[in-house]
Amino acid sequence: MQHSVLDRIYISFLVILIISFGFLIIFISVFTRRSLINEKQDTISNEARLIAEQAVRSYAAGEMNVAQLSALFDFYAQTLNSDIWYVDESGKVIATAGYFSNKDNGKQVDDNTITTEKDIPTSIYTLDPGYDIHTSYHRVGDFYGVFNRSVISINTPITFEGYRGEKKDIIQIPSGALITHSSTLDINEMMRSIYSISFIPCLVIIIIAFTFLGIISRKIIRPIKMLTDVAEDYSKGNFDVETGIESDDEIGQLAKSMEYMASELSKLEEYRHEFISNISHDFRSPLTSIRGYVTAMQDGTIPPEKQDRYLGIVLDETNRLTKLTQGLLDLNRLEIYGPYLNLTEFDFIDIVRTTLNTFEIKCIDKNIAIYLNNHAEATVVNADKTKIQQVVYNLLDNAIKFTPEGKRIFIDIKEKGEKLEVVVKDEGIGMNEDTQKKIWTRFYKDDTSRGKDKAGTGLGLAITREIIKAHNESIEVYSKEGEGSKFVFTLTKVKSEGTHSGETEILVNPTKF
């Protein structure tokens, strides 16, 4: 039988409560019983000393006989609800008073009545040859089988003051002992009362605890059960199911994460179709061009004098396929194995200037100006120079691509602790939130018509992110539609004496602005 989490919590909680209260009751019982027995021992011992002073002393002085002593013991026995034995120094039982044995008076008694099982011995040593009458102590039991129930037997030594020698020195003369047998029924009754008193609060506490546990379970276990059901639906491919949990605690955060995961998984099929469509388009277009031009040259449609021009187009398309294939291989290698980094120290400003030279013609054609704003005291970084140059190239290429004519692009460099923070910002068309999540996906192009950027592969930003990740750095994108986009990445800087702090340059197309 399979138990739910709630069942295991209930059972565990119940076992813990029972064991805890069990130990508590046992401790209280043992401690209370011991205290009651000690208190009874002290009380009876004090009474025994009083009896010794009032009765045994008179008997020892010859002022009363055994019959009178026994009669006096009967009075004390009824008062104390105890049996009283007087044992002299030789261990002989001189006088007894039987409260227990005389209680029935020859009549039938109930099961709780204490009676003597055998005759009272004439000497205490017949019961136990090693019995010590000179030590004050108590024992609980049937006193060597004399009684049919457990009693507290308290031995109280008796001493009287006497005189010795001519100087009449006062000495303590041992005169036997009083053995008082008192019932434990009153202690047992009190212990039963303690048990009943303890049981009721324990039961109430358990009921209250389980009530609160039930309330807590509805707030914790029930949402978990809901999450389990929803997760089962997700495993079957039904990603439209919502958890229905709106709390702001950890379970609510887990529910939101699961719903976000389901939303992303639901887009997986769309991404797959889009990926196949993208790669098919990017490979089919140049292949179709190559095939068309080669066929036209073979069948004479393109005359020999014009073949050089079209062979140039075929070469461009071939280079495009090579670039696309190499980009795929590079990205796959980056994602699986990570790049091999050749870390060196170089000035990041030099990388920016070198890279921008390749975009000069494009910027002039589109009337775009690129500004460099450096606010860092030192721009020397520790990174792979070639791969970082590829990052700068990809980001600038992307910015130019989506920046309209007559707009600007800014490269801002700042220091952030031990990092160099690089910002590439454009005044382009911007992106919505959904597009910002997809731009890092291979083959993704923010152009549904696919007619604006036939030279692009859709791999640049994906490769850029993998390179930055390989350097253990971060890259983020911030954008709003119609307000342009901003890419921010970091590099680890090193101390350098060279500085370009505070410089602002127009690196490309300064005549327009």
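Reader: Why is Glu 415 called partly exposed?

Author: Its relative accessibility is 31%. Buried means under 20% relative accessible area, exposed means over 50%, and partly exposed is whatever falls in between (1.4 Å probe, protein chains only). So 31% puts Glu 415 in the in-between class. Bear in mind that this is a predicted model: local features need pLDDT of at least 70, side-chain atom pairs count only at pLDDT 80 or more, and totals for chains, interfaces and linings use all residues. Residues are numbered from 1 along each chain as its sequence is written, and side-chain values use heavy atoms, leaving out hydrogens and water.

Reader: What makes Lys 493 and Glu 415 a salt bridge?

Author: Their closest N and O atoms are 2.3 Å apart. The rule wants a side-chain nitrogen of Lys or Arg within 4 Å of a carboxyl oxygen of Asp or Glu, so Lys 493 and Glu 415 qualify. This pair also links distant parts of the chain, 78 residues apart: Lys 493 is in the loop between strand 12 and strand 13 (504-508), Glu 415 in strand 9 (residues 408-416). For the elements, helices (H or I, at least four residues) and strands (E, at least two) are DSSP runs numbered from the N terminus.

Reader: How do you know that Glu 473 and Lys 419 form a salt bridge, and where do they lie?

Author: The closest N and O atoms of Glu 473 and Lys 419 are 3.1 Å apart, which gives a salt bridge. Glu 473 is in the loop between helix 11 (460-470) and strand 11 (475-479), and Lys 419 is in strand 10 (residues 419-426), so the pair ties together parts that are 54 residues apart in sequence. Glu 473 has 11% relative accessible area and is buried, whereas Lys 419, at 28%, is partly exposed.

Reader: Why is the Asp 384 and Lys 387 pair called a salt bridge?

Author: Their side chains meet at 3.9 Å, N to O, and that makes a salt bridge. Asp 384 is buried at 4%, while Lys 387 is partly exposed at 21%. The structure holds seven salt bridges.

Reader: How many aromatic pairs are there by the rule?

Author: Eleven. Phe 75 and Tyr 76 have ring centres 5.5 Å apart and planes at 65 degrees, so they are edge-to-face. Rings of Phe, Tyr and Trp (its six-membered ring) pair if their centres lie within 6.5 Å, with planes under 30 degrees apart counted as stacked, over 60 as edge-to-face and the rest as tilted. Phe 75 is exposed, at 51%, but Tyr 76 is buried, at 12%.

Reader: What makes Phe 348 and Phe 489 edge-to-face?

Author: Their planes are 70 degrees apart and their centres 6.3 Å apart, and the aromatic pair counts as edge-to-face.

Reader: Which residues do ring pairs link into a cluster?

Author: Trp 85, Tyr 131, Tyr 137, Phe 143 and Tyr 144.

Reader: How do you know that Arg 139 sits over the ring of Tyr 144?

Author: Its charged end is 4.3 Å from the ring centre. The test asks for NZ of Lys or CZ of Arg within 6 Å of the ring centre and within 35 degrees of the ring normal. Arg 309 likewise lies over the face of Tyr 310, at 5.1 Å from the ring centre.

Reader: Why does Phe 212 count as exposed?

Author: Phe 212 has 51% relative accessibility, which makes it exposed. Phe 212 is in helix 3 (residues 185-235) and belongs to a nonpolar surface patch whose members include Phe 199, Leu 203 and Ile 224, with about 990 Å² of accessible area together. Patch members have over 30% relative accessible area and no salt bridge; like charges are joined within 9 Å, nonpolar side chains (Val, Leu, Ile, Met, Phe, Trp, Tyr) within 5 Å.

Reader: Why is Ser 175 called buried?

Author: Its relative accessible area is 13%, which makes Ser 175 buried. Ser 175 lies in strand 5 (residues 169-183). Leaving aside residues up to four places away in sequence, Ser 175 touches Tyr 86, Val 87, Glu 89, Ile 158, Thr 159 and Phe 160, where contact means heavy atoms within 4.5 Å.

Terms used. Areas by Shrake-Rupley, 256 points an atom, 1.4 Å probe, with all protein chains shown as cover.
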